[in-house]
Amino acid sequence: MRSIRKIPFLVALAAGALAGARPAEAKLRVAASIETLADLCRQIGGDRVVVTSLSHGYQDPHFVEAKPSLVLTLNRADALVYVGLDLEIGWLPPLVQQSRNERIQRGQVGNIDASTAIKVEDVPNIPADQLRAMGDIHPLGNPHYWIPPKNARGIARLLAQRFAEIDSPGTAAYQAALAVFERRLDAKEKEWAKVAAPLRGIKVVTYHKSWSYVAGWLGMQEVGYIESKPGIPPTASHTAQLIDLMRKSNVRLVIVESFYPSNLARFVAENGHARLVVAPSDVGATPAIKSYFDLVDAVLAVLTAP
Amino acid sequence: MTGAIFCLLLQQIDPAALEKAMAADAAAKGASPPAGQVAPAVGAPPIVAPTASGTPASPAEPTAGPVSAEGNAPAVAAGWAVQENARAPGSSLLNPALSFILDTSFGYYGQHTGQFDSLGLRLAGDDPSESREGFGVQEVEVAAQAAIDPYLEGAVFLTVPNLNGLEVEEAYLVTTSLPFNLQIKAGTFRSQIGRNNTQHLHLQNFTRRPLMTALLFGPDGLRGPGAQASVLLPLPWFATLYAESFSIGQPDADDLSPGVSTFGGGVRLGPSNLTYTAELEQFWAPGESHSIFLGLNFATGRSFNCLATTTTCLPVETQRSFLYGGDLYYKWKPPNVSRTYLSLQWTTEFFVRVLAEGGPTTGAGYSDVVLQFARRFYLGCRFDLVGAPGTPVATSDDARLPRRYGYAASLTFAPSEFSRIRLYGQELAGPGVPNTTVGFLQAEYSIGAHGAHPF
C-alpha cells in the first residue's frame, strides 16, 4: 500500500523531468552512434547543440555493449544520428525502444539515419537465403562509409536540414555552419588529393570489408580481406591463399582498424611483402583524433607513411 | 494529475499558429518541395541532398520503390523512403523481422535421475520434457518483430517445445511514445522478475535454466497473459520501475513438486485472482569496462495447496503467496578488443517464497560466472542452492523445498553470431540423496533477422 502512495510522487518527478526536457532556449540534445557522426553534429550544430556519442572511436562499432546507461542518454535526446545499414543492429534498436523517447523513434524527424545521405555501395546481390553463408554480411549495403569527403558532405547537409527542422530558430546558424564546413572541406579535399596521389592504383588487403569507400575515393584496388568472410575469423587456409595472392599481385598495404587484433595482420603483411597499416576508422580512435578532419588527416598519414 | 499536466503541455501549442501552418501545408500541395530538397520524380526515390555545390549525395539504388504519392513528402518521410529503397530488390518491405531459432541437444543421464523428478524438475532443457536420453529438440522458436504503427511495436515468439505442441512463449505490444517516460506492454509475456526469467532459452549461457526459476516461478518461468506498466525514473542513473499483472492459470496437477510448482494462479475472475509483480531495475557503469545491474523484485499471487501427493490443486481461501528476491549482474568487458577478447559476467539471484500468508518460507538461488577466454569461446560454471531456508527431506505435507545443491559447467563455442555449440554438465546433490549427473551436447542456431542482444 505504501508503494501505491508513492506513485503520484513518481509521476510528478517524471513530469518534472519531461517539462524540463526542452525549454525554448535549451540546446538541442543530440546522441550520435559513433564519434565521427558526433563530430559532424558539433560542426553543424555549433553551440546550439550538445552532442553525446554512444560509442568510442576505439571500439568496434558492430559490437557496442547495449548498456542501460545509454538508455538515459537516448531518453533525453532531441535527435539520434546513426550510421544505419544495420551497422548498429546488434545494440541500438533495443536501446531506442527502451528510451521511451518519441522524438527519436523511427519515422520521426529526430531519427536521423546518416546512410540516407550517401550513395550506398556493396548491396549484396545474392539470394536472401544464401546471405549468411557469406558471413555476417550487411544485407542493406556496406555501412563503413563516413570517411570519404563526398559522404561527409552529404551527412553534414542532412544534419543541417534536420537540425533546422527540429530547431527552426537555428536554421540560419545551421546553414552558416554548413557553409563553413563545406568551405573547409573544399580546401581540405584539394590538400588530401595531393597527399593521396601516390596511393592511386595501388593494391591493398584489408582486415574487414570496411575500407571499400576509402579505396574507391583514393583509387586504391582491394584485392582481398584477412577475414575469410565478414565477421568470421580467418582460417589458416584462407590466410595462406591470401598471402599467395598478395605476392602474385604485388599488394602494397594491409589495412586493419585499430580495434582489431593486429598480430595476424602483421603476419600476413610480412609474409605477403606488404606494409601493415593500423589505421584509425573513427574520431576518437586515438586521443589526438578529435574531429572528422583530424580523422582523414590521420588515415592519409598512415596510408602514405614511407 | 497526469491529465492536468498533459493539458498544460498541450496548451503550449498556439491553435492559430497550428491552423496557419496547416493552411500553408495545404497550399503547398503540388508546389515545390522545401528548400534543400530535390523534388522526387514519381516512381523514383526522393533525394535528400541539397543542390548546392559539390557532389550531390544521391540515394541508394534507384529502384522503383514506394514513394510518397503526393511528391512532396516531408523531409522525414523522404529520408525514410530512401533508406527503405536501399534494401535489396524483391525483399518484402512489409514483412516483420523474422527469425527461426533451433535448440537441439544430445542428452546423457546418469543414475538416480529420480532426484530431479522428486523436485518436480524435468531432465531436459528449458521446457519440461518427458524425453529421456539421446537426441532431443529442446525448442524450435519463431520470432517476429516489427513496428505496428508510429505508436506501438509488436513481437510474437512462438515455440514448439520438445517437438510437441505449439506454445506462445510471448506475444505482446509495447508502446514507444507515451509521455512521462512511461511504457506499457500488453499481451502474453515473460515477467520482468529476476534476470533469468526474462531470458529466452537461446540467450542463456547454460543448457538448463537455474533450478530456482522452475521451482519458484513455474515450470517455464513466470509468464502469462498480462499487462505491464513501467517508468524510467528521472534519476541521474538508470532506474526503471515495473508493475505487472498476470492471469496465470491455476497450477496443473501434473506439475507436481514439493510445495507448489507454479507461482500464483487462479480462476481468471476479479483482481484478487491476479498475480502482481513489481521490479526496480538499476544500472551503474563505474568505468567503461564495468557494468553493474541490480534488480529488486516482489510478486504476490493466489496460494494453492498443490503438494506432491495431492491430486487436485485447491486454492487456499483468500490467501496470497509472496515472492521476494534480488538479482545482481556484473560484467567486465573492455570496450577495445584489440588486445584481448577476455570478458567476464557474474550473475547471482536469490528468491524467497512465503506460501500463503504466514505460511512456510522457502528459498532458492544461484550464482554463475561466465568467462569469455577467446573470441569465440565461453566457459561457465554455476552453483545452485535450493531449500534455504527449506527442509532437509522433502515430505508431502511440507511446502518447503528440500535442500539441494547444483553444480553446473558449460563450454560454449560460438562459430558466429548465429550459431553456438555447447557442452554442459550438471550434478544435483543433497543431504541423504544420491548424486545425479546429467550432460548435454547442445547445438543452437538462429536464421533470419539479426536479433539485437539485450544487456
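Where in chain A does Leu85(A) lie? The points below take up that residue and several other features of the model.

1. This is a predicted model, in which local features need pLDDT of at least 70 and side-chain atom pairs count only at pLDDT 80 or more, while totals for chains, interfaces and linings use all residues. Residues are numbered from 1 along each chain as its sequence is written, and chains are lettered from A and ligands numbered from 1 in the order in which they are written.

2. Leu85(A) lies in the loop between β3 and α5 of chain A, where helices (H or I, at least four residues) and strands (E, at least two) are DSSP runs numbered from the N terminus. Although Leu85(A) is not a glycine, its phi is positive, at about 50°. Leu85(A) counts as buried because it has 26 C-beta neighbours inside 10 Å; a residue is buried if 20 or more other C-beta atoms lie within 10 Å of its own, exposed if 12 or fewer, and partly exposed in between, with C-beta atoms placed from the backbone.

3. Leu163(B), in the loop between β3 (152-161) and β4 (167-175) of chain B, also is not a glycine and has a positive phi of about 55°. Leu163(B) counts as partly exposed, because 13 C-beta neighbours fall inside 10 Å.

4. Helix α4 (residues 68-75) of chain A is mostly covered, with six of its eight residues buried, namely Pro68(A), Leu70(A), Val71(A), Leu72(A), Leu74(A) and Asn75(A). These buried residues pack against β1 (28-32), β3 (79-82) and α5 (92-98) of chain A, together with β6 (223-232), β7 (238-246) and β8 (275-284) of chain B; a contact here requires the C-beta atoms of two residues, placed from the backbone, to lie within 7 Å.

5. The axes of helix α3 (residues 35-45) and helix α6 (residues 149-166) of chain A come within 9 Å and cross at roughly 55°; axes are lines fitted to C-alpha atoms, for helices over the stretch in contact, and angles run from 0 to 180 degrees between N-to-C directions. The two helices α3(A) and α6(A) are therefore oblique to each other, given that angles under 35 degrees count as roughly parallel, over 145 as roughly antiparallel, 65 to 115 as roughly perpendicular and the rest as oblique. Among the residues that make the contact are Leu40(A) and Ile44(A) of α3(A) and Ile155(A), Leu159(A) and Phe163(A) of α6(A).

6. In helix α10 (residues 263-271) of chain A, the residues Ala265(A), Val268(A) and Ala269(A) are buried. Seen down the axis of α10(A), its buried residues fall within an arc of 100°, so they line one face of the helix; the arc is that of the directions from the helix axis to the C-beta atoms. The cover over the buried residues of α10(A) includes β5 (203-206), α9 (236-249), β7 and β8 (275-279) of chain A. Just after α10(A), His273(A) takes a positive phi of about 55°.

7. Glu257(A) is placed in strand β7 (residues 253-257) of chain A and counts as buried, because 23 C-beta neighbours lie inside 10 Å. Leaving aside neighbours within four places in sequence, the contacts of Glu257(A) are Tyr207(A), His208(A), Ser210(A), Ala279(A) and Ser281(A).
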